[in-house]
Amino acid sequence: MNTADTGHLAEQFAEIGLVPGVPLADADLAVVVTCAVRQHAEDKAASKIGELALWKRQRLGRAIAVTGCMAAEHGGSLLTRFPAIDYVFDVRDPDGFFARVRDLYAGALEGPVPLPAGDQLCAYVPVIHGCNEMCTYCIVPFVRGRERSRSVGEIVAEVGRLVARGVREVTLLGQNVNSYRDPDSGADLAALMAQVDRVPGLWRQRFLTSHPRNASPRLLDAIRDLPTACEQLHLPVQSGSDACLGRMKREYSVRAYRATLAAARATVPGLALSTDIIVGFCQETEPEFQDTLRLLDEVAFDVVHVQAYSPRPGTAAWRRDDDVPLAEKKHRLQRVLQLQRTISERRNRALVGSAVEVLVEGHGADDGRPYGRTRQGRVTWLESPAAVGDLVTAEVRSATAWQLVAA
Ligand code: SAH
Ligand code: SF4
């Protein structure tokens, strides 16, 4: 979402005549687009702001702006905590910020500048902002607000503009993307995807992130039936224990989640499945954690993102005891990673000998080998020459837990 926000801010800067994305050494204004989902993300932003304070002192007239989820969380208090910051603005409502910047640099601006040439093949397109769920660990509803869907017309027009600039793959974004509803027609995500599918020149679409509760049969049918829809579903489960899911207020049972995955696999041949796990949530016992390991073992996801629970101010869980010691959280995290490494490796190795479709996104810095991703999202290195933007069908020759090699 921050990548998408950054792209959108770049467009707005270009519109008022500032050149976005220049190297920091040449820049007058730095904008930090922050994340607040875990304390670690906030710490990273804080250290970046520290580095930028030095950058600012190196030349007169430089300024620092901070936006994103930390700005929504802390607001103007950031200006006191980090005196080097000049602006804090809400990424959902940046008009006031742009008006100030425009006024400030008015004498030096000569109207819109072109955006950097479109070397972008894959783009993120937010389709729904905010989240109406209230998972007890999560800060997102507080910093991103309630759900607001954009209209199908607006989204399709944006995808059309992106394709005209060379984009071939879009990822439709939302914190709870499958609760998308067109504000006028009530069209759901499956209906939106059908419209996006008709944009000429678009080769692939994906969507991120879905709530397990809303993974409807219509959506699964859309993944199977639409030529551009990639066979990939990211469905965060967070825990394999019903008791833990209850404390997290996830509003589904492990059994229901399993049934959703079974339906997804039965509907979409070759579907890649991924998930998110939080280890060490409040009162997570060893047997509860083992339930998570058991689920991972049974389901055999292709990819698992695992995080240690990080208490977030203002959330319901913030008031609970963060009682799993850090060392134990780290240990559980390692156990998940270890298990998943063998599962991912097994699943990728099973692909050796089969054909994959790769959209070439770049070339390795060391050996110049082309790489890209398959429809299922697997990073794949190609052994024969190919140009960025090529859509290549190749046979998988070897595989590790993280990537494929094809020729
Ligand atoms: N809307 C998505 C996820 C949004 S946040 C969903 O429903 O799952 C992205 C991921 O960050 C989550 O899936 C979760 O695994 C992780 N996360 C969110 N809050 C967290 C916290 N307080 N501590 C650790 N991980 C967290
Ligand atoms: Fe956070 Fe996702 Fe739950 Fe929304 S559905 S509160 S974004 S974890």
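## A walk through the predicted model

Ligand 2 is surrounded by Cys131, Glu133, Cys135, Tyr137, Cys138, Val140, Pro141, Gln175, His211 and Arg250. This is a predicted model. By class, the shell around ligand 2 holds 6 nonpolar, 2 polar and 2 charged residues. Cysteine counts as nonpolar here, so Cys131, Cys135 and Cys138 fall in that class.

Start next with the open sheet. Its 3 strands run in the order β1-β2-β3, and the pairing is parallel. The edges are β1 (29-34) and β3 (87-88), each of which pairs on one side only. Strand β2 covers residues 63-68 and is joined to β3 by 2 bridges.

Now move to a pair of helices. Helix α7 takes in residues 152-164 and helix α8 residues 189-197. They pack at an angle of about 35°, with axes 10 Å apart. Their crossing is right-handed. On the α7 side the contact is made by Val152, Ile155, Val156 and Val159. On the α8 side it is made by Leu192, Gln195 and Val196. What classes do the residues of this contact fall into? They divide into 6 nonpolar and 1 polar, with no charged residue.

The peptide bond from Leu208 to Thr209 is cis, with omega near -5°. Thr209 sits in the loop between β8 (204-208) and α9 (217-225).

Another loop links α10 (242-248) and α11 (254-267), and Lys249 lies in it. Lys249 has a positive phi of about 60°, although it is not a glycine. Glu251 is found in the loop between α10 and α11 as well. Its phi is also positive, at about 70°, and Glu251 is not a glycine either. Are these side chains buried, exposed or in between? Lys249 has 43% relative accessibility, so it counts as partly exposed. Glu251 is partly exposed because its relative accessible area is 48%.

Which residues touch it, leaving aside neighbours within four places in sequence? Phe301 is in contact with Tyr257, Leu261, Leu273, Ser274, Thr275, Leu296, Gln340, Ile343, Ser344 and Arg347. Take Arg347 from that list. Phe301 and Arg347 are 46 residues apart in sequence, yet their C-alpha atoms are 8.4 Å apart in space.

Strands of a sheet pair through backbone hydrogen bonds, either parallel or antiparallel. This closed barrel has 5 strands, running β12-β13-β14-β16-β15, with mixed pairing. On average, neighbouring strands are turned by 50° against each other, direction ignored. One pairing shows the detail. Strand β15 (residues 391-399) and strand β16 (residues 403-406) run antiparallel, joined by 3 bridges. Here Val396 stands opposite Ala406 of β16.

Terms used:
Residues are numbered from 1 along each chain as its sequence is written. Chains are lettered from A and ligands numbered from 1 in the order in which they are written. This is a predicted model: local features need pLDDT of at least 70, side-chain atom pairs count only at pLDDT 80 or more; totals for chains, interfaces and linings use all residues. Side-chain values use heavy atoms; hydrogens and water are left out. Two strands pair if DSSP finds at least two bridges between them. Helices (H or I, at least four residues) and strands (E, at least two) are DSSP runs, numbered from the N terminus. Buried means under 20% relative accessible area, exposed over 50%, partly exposed in between (1.4 Å probe, protein chains only). Contact means heavy atoms within 4.5 Å. Axes are lines fitted to C-alpha atoms, for helices over the stretch in contact, and angles run from 0 to 180 degrees between N-to-C directions. A crossing is left-handed if the near helix is turned anticlockwise from the far one by less than a right angle, and right-handed if clockwise. A residue is near a molecule or strand if one of its heavy atoms lies within 4 Å of it.
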